[in-house]
Structure formats: structure tokens, C-alpha cells
Amino acid sequence: MSKLTGGCQCGAVRYEADGPAAFAAHCQCLDCKKSSGAGHVTAGGWQESAVKFTGQLKTYASKADSGVTARRDFCPECGGRIAFRSDTFAGMVLLMAGSLDDPSQITPGAALYEKHHATWDHFDPALPRPPGMPPQ
Ligand SMILES: [Zn+2]
Ligand SMILES: [Zn+2]
């Protein structure tokens, strides 16, 4: 089984994930914009048991517009975004694509939250672009 590795900018947080992501997507929601400072984040999802972290993560929890609590984990040293968890993806951990040592190892299948699309942000035109978070 292939292992994917990644971590934050300063290297204080590292992780290993077993095998390919179960899914991957771009997210254009307002919270992902604010937390990343960019037009969208890109993330892949793994079973929680398939990912091992080393180093200390800090968590920022907030209410997603679906009403569930979203937890965004980041490195307290460099601020690098690492992981995302919420009941929408129960039992899963989402890893931020840019934190992978090789971000090309995931393939986004959709660009979520098209209703918050920034005009200057561009995606593969073949990707589905639902207005929000589709039902899981
Ligand atoms: Zn760091
Ligand atoms: Zn989002």
C-alpha cells in the first residue's frame, strides 16, 4: 500500500496517510476562504485510522453553515493548515492538499460552494460545481 506524506511549512507537524484518498474536492465556502486567505482550499478525505500525525496541532472549531461543528487543525508555530474534521464526514479526516509533500497525489472531483465562487478563481471546466455542500 502506498503511503502519502505531508506536513506544515515549518516541519513541526508531519503526517503519513495510507493509500489514496477516498475522495477529494475543492471547497469555496466562506470559512475555507477566511482560514486559508485564498479563493478555495483543496482537500482529500481518509478514514481517520489511515492517518498518523506527529507533532502538536491546534484546532479552531466553528459552526459550518450546515449547522455542524467544523474543526480546522493547524500548526501553532507556522499557522499551516493541515486537517479538517466535521460530522458531515464522520470517521474521516480531510488533509489539505497543499500540505502533502506531493500535492498532485490527490485528484479533486468537484468544486463545492459555487455560490461563493470568486470570479478570479478557476477550475477544470469538467468538474461538477454544486452550489453548496451536497448531501453525503
Ligand atoms: Zn509548522
Ligand atoms: Zn469550505
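Predicted model: local features only at pLDDT ≥ 70, side-chain atom pairs only at ≥ 80, totals over all residues.

User: Which residues coordinate the zinc ion (ligand 1)?
Analyst: Cys 8, Cys 10, Cys 75 and Cys 78 coordinate it through their SG atoms at 2.3 Å. Donors here are N, O and S atoms within 2.8 Å of the metal (3.2 Å for Na, K and Ca), and sites may look incomplete because water is not among the atoms.

User: What is the geometry of that site?
Analyst: The site of the zinc ion (ligand 1) is tetrahedral, with angles of 107 to 114° among its four donor atoms; the term requires all angles of four donors to lie between 85 and 135 degrees.

User: And how are the donors of ligand 1 spaced in sequence?
Analyst: The spacing is C-x1-C-x64-C-x2-C. Strands are DSSP runs of E with at least two residues, helices are runs of H or I with at least four, and both are numbered from the N terminus.

User: Is Cys 10 buried, exposed or partly exposed?
Analyst: Cys 10 is partly exposed, with a relative accessible area of 42%. Buried means under 20% relative accessible area, exposed over 50% and partly exposed in between (1.4 Å probe, protein chains only).

User: What about the donors of the zinc ion (ligand 2)?
Analyst: Its protein donors are the SG atoms of Cys 27, Cys 29 and Cys 32, lying 2.1 to 2.3 Å from the ion. These donors follow the spacing C-x1-C-x2-C, and both Cys 27 and Cys 29 are buried.

User: Changing topic, how many aromatic pairs are there?
Analyst: The count is three. Rings of Phe, Tyr and Trp (its six-membered ring) pair if their centres lie within 6.5 Å; planes under 30 degrees apart count as stacked, over 60 as edge-to-face and the rest as tilted. One of the pairs is Tyr 15 and Phe 53, with centres 6.0 Å apart and planes at 65°, so this pair is edge-to-face. Tyr 15 is in strand S2 (residues 14-18) and Phe 53 in strand S5 (residues 51-54), so the pair ties together parts 38 residues apart in sequence.

User: Which rings form a cluster?
Analyst: Ring pairs link Phe 23, Phe 84 and Phe 89 into a cluster. Phe 23 is partly exposed, at 29%, whereas Phe 89 is buried, at 9%.

User: Finally, which residues lie nearest the centre of the largest pocket?
Analyst: Cys 27, Phe 84, Phe 89, Leu 112 and Met 133 do, out of 31 lining residues. S3 gives the most to this lining, with five residues. On a 1 Å grid over the protein atoms alone, a pocket is an open set of points where a 1.4 Å probe fits, with protein on both sides within 12 Å along at least five of seven lines, and lining residues have an atom within 4 Å of a point.

Technical notes: Residues numbered from 1 in each chain as written. Chains lettered and ligands numbered in written order. Heavy atoms only, no water. Tetrahedral: all angles 85-135°; square planar, octahedral: opposite > 155°, others 65-115°.
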